[in-house]
Amino acid sequence: MSDNFVEKVYDAPRPVPPARFSPDRIRDEWLSNPKADLLSGLVVALALIPEAISFSIIAGVDPKVGLYASFSIAIIIALAGGRIGMISAATGAMALVIVDLVADHGVAYLFAATILAGLIQVGFGYLGVGELMRFIPRTVMVGFVNALAILIFLAQVPHILLSDEPDRSALPLNLLFIAAGLIIIYGLPRITTAVPSPLVAIVVLAGIAMTVGLELPTVGDMGELPSALPGLSLPDVPFTMETLQIIFPYSLTLAMVGLLESLLTAQLLDDKTDTNSDKNRESRGQGVANVATGFLGGMAGCAMIGQSMINHRSGGRTRMSTLASGVFLLILILVLGDLVARIPMAALVAVMIMVAIGTFNWKSVTPEALKAMPRPETIVMTATVSIVVVTHNLAYGVIAGVLLSAVFFVRHVSHVVRVTSVVDPDNVERLYSVTGELFFASTNDLVHSFDYDGVKVKRVEIDFEGARIWDTSAVVAIDAVVMKFAERGIETELVGLNRHAERLHRETTGHASTH
């Protein structure tokens with residue numbers, strides 16, 4: 001490839017989006033789907049309550065910490081986020097990170113760590129961390145989605161089997177209610193889609209349980225709902241370097257885990273809605289939401305793929321649905337707390353089972369798909385799912401999947417270096433042609449691709465026009481080839497190096513060595 005060709009860059013014209021506060025943009029992002037957005041927000045709010053309480057219990061804090069976080073993050077991210085229609089709140093992955101911090105230092109340090117994590121996320125957003133999403137392969141995304149679906153379902157098993165209840169006599173009735181909820185969820189859309197079927201299932205099952213007085217586990221059994229709004233306050237911690245040393249490792253982990261899950265969820269919704277989102281704005285929005293939540297006495301949160309899928313499947317498409325989920329959650333716990341506490345968990349379990357079924361990519365595990373997919377991709381997907389399910393941490397699985405994909409990629413491209421040769425008609429020199437990617441993993445193949453002792457002429461020419469030199473390891477390998485020919489009294493000429501390769505070779509040859 002010639003330098004002239006490399007230097008030419010053609011920029012396709014990009015459509016200019018409307019100004020952030022233009023009437024068209026406000027209508028598109030907020031008011032284009034009001035009825036479905038409001039109803040969907042109500043469904044999400046109902047499903048958020050038991051999850052927020054559960055995550056608070058995991059973190060070892062009062063249930064109100066998770067509930068405060070959920071409504072404040074949902075409201076703020078509706079305004080500041082980059083992916084419309086995505087739900088953010090307190091999550092299990094974030095709760096797992098802070099368990100030791102709360103146990104060792106108390107809840108005040110959790111609030112301080114949440115604020116610092118938010119500031120780190122804002123910084124990452126301005127540094128363009130959203131652009132890193134392009135390095136997550138499709139197989140890792142599929143593994144992430146499938147693992148999440150499995151985790152969502154596994155989280156419902158104790159509520160399905162009542163394994164945490166001292167008295168399991170209500171198990172048959174509980175299973176009947178869950179089955180009835182699933183029938184409503186999947187059956188009602190065949191009749192009408194005017195109202196989200198998950199909302200109908202919750203209302204109908206709650207109405208029956210309250211009217212008849214059935215003894216079933218309820219939302220109130222998960223923990224006490226708060227009765228007052230939180231107030232703004234500074235975390236009750238000493239503002240010293242020692243405090244910073246304590247919270248910084250947790251804050252950095254919270255920031256990275258939160259952004260990873262949020263950006264993956266945003267990418268998933270992008271794919272499902274055939275739209276694009278501003279990942280860097282989403283990163284900044286998550287940070288702003290966490291900073292505010294820390295001052296309001298809440299725990300750190302991020303995007304919730306399960307709740308986002310509920311919102312999507314219930315018809316939520318704009319920022320209004322995200323805002324509605326936070327506002328309705330606030331109303332439900334402060335105004336209708338006594339009523340919400342009596343909703344049977346079976347109704348919400350049915351909704352979450354629907355989410356698990358709808359989230360799992362069933363096509364990815366069909367025999368036809370597994371047979372057609374390259375084996376390394378199958379291994380990456382399986383490893384991602386397995387690590388997430390074992391550790392219950394989505395970030396671990398995704399990081400492992402990306403690293404494994406990188407290993408397979410490097411292994412593949414390192415073996416595609418080809419060296420061909422011919423002797424010129426006058427039998428004066430031998431002409432070599434090198435093609436492929438020359439970098440640290442492929443240099444061994446390059447050095448051993450030449451038949452040094454079989455060359456009977458006094459001069460060789462090596463053409464690198466079809467090759468790409470990436471690093472100093474490739475330069476060292478090329479020098480080694482030249483040296484091996486020189487030891488046999490054969491002169492070597494390098495040709496076809498593009499401008500980048502020629503400069504790298506000129507500046508590093510003789511200076512970069514393994515000795």
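Where in the chain does aspartate 274 lie? Aspartate 274 is in the loop between helix H11 (241–273) and helix H12 (279–295). The model described here is predicted. In it, aspartate 274 has a positive phi of about 55°, although the residue is not a glycine. With a relative accessibility of 72%, aspartate 274 counts as exposed, because the cut-off for that class is over 50%.

A second residue with positive phi is leucine 162, which is not a glycine either and has a phi near 55°. Leucine 162 is found in the loop between helix H8 (138–161) and helix H9 (171–187). Is leucine 162 buried or exposed? At 3% relative accessibility, leucine 162 counts as buried; the cut-off for burial is under 20%.

**Overall composition**

The secondary structure of the protein comes to 22 helices and six strands. Taken along the principal axes, the C-alpha atoms fill a box of roughly 100 × 60 × 50 Å. The protein has 515 residues, of which 50% count as buried.

**Salt bridges**

How many salt bridges does a search of the whole structure find? The search finds seven.

| Arginine 319 | Glutamate 29 | 2.8 Å |

The side chains of arginine 319 and glutamate 29 meet in a salt bridge. This pair links distant parts of the chain, with arginine 319 in helix H14 and glutamate 29 in helix H2 (residues 23–31), 290 residues apart. Arginine 319 is buried, as its relative accessible area is 3%, and glutamate 29 is buried at 14%. Both residues also belong to a network of salt bridges, in which Arg25, Glu29 and Arg319 are linked.

Aspartate 270 has a relative accessibility of 4% and so counts as buried. Lysine 279, at 9% relative accessibility, counts as buried too.

Arginine 459 is partly exposed, with a relative accessibility of 22%. Glutamate 493 is likewise partly exposed, its relative accessible area being 29%.

**Packing of H4 and H14**

Two packed helices are described by the angle between their axes and the distance between the axes. For helix H4 (residues 63–80) and helix H14 (residues 319–334), the axes come within 8 Å and cross at roughly 155°. How are H4 and H14 directed relative to each other, roughly parallel or roughly antiparallel? They are roughly antiparallel, because angles over 145 degrees are assigned to that class. The crossing of H4 and H14 is left-handed. Helix H14 also holds arginine 319, the partner of glutamate 29 in helix H2.

**Surface patch and exposed helix residues**

Which residues make the nonpolar surface patch of about 440 Å²? The patch is made by Tyr186, Ile357, Trp362, Val365 and Leu370. One of these residues, leucine 370, lies in helix H17 (residues 367–372). Leucine 370 is partly exposed, with a relative accessible area of 34%.

Arginine 375 lies in helix H18 (residues 375–391). This arginine is exposed, because its relative accessible area is 68%. Between arginine 375 and isoleucine 310, the separation is 65 residues in sequence and 33 Å in space, C-alpha to C-alpha.

Valine 212 has its place in helix H10 (residues 197–212). With 56% relative accessibility, valine 212 counts as exposed. Valine 212 and glutamine 267 are 55 residues apart along the chain, and their C-alpha atoms are separated by 44 Å.

Key
Residues are numbered from 1 along each chain as its sequence is written. This is a predicted model: local features need pLDDT of at least 70, side-chain atom pairs count only at pLDDT 80 or more; totals for chains, interfaces and linings use all residues. Side-chain values use heavy atoms; hydrogens and water are left out. Patches are made of residues with over 30% relative accessible area and no salt bridge: like charges are joined within 9 Å, nonpolar side chains (Val, Leu, Ile, Met, Phe, Trp, Tyr) within 5 Å. Accessible areas come from the Shrake-Rupley method with a 1.4 Å probe; for residues, only the protein chains shown count as cover. A salt bridge is a side-chain nitrogen of Lys or Arg within 4 Å of a carboxyl oxygen of Asp or Glu. Helices (H or I, at least four residues) and strands (E, at least two) are DSSP runs, numbered from the N terminus. Buried means under 20% relative accessible area, exposed over 50%, partly exposed in between (1.4 Å probe, protein chains only). Axes are lines fitted to C-alpha atoms, for helices over the stretch in contact, and angles run from 0 to 180 degrees between N-to-C directions. Angles under 35 degrees count as roughly parallel, over 145 as roughly antiparallel, 65 to 115 as roughly perpendicular and the rest as oblique. A crossing is left-handed if the near helix is turned anticlockwise from the far one by less than a right angle, and right-handed if clockwise.
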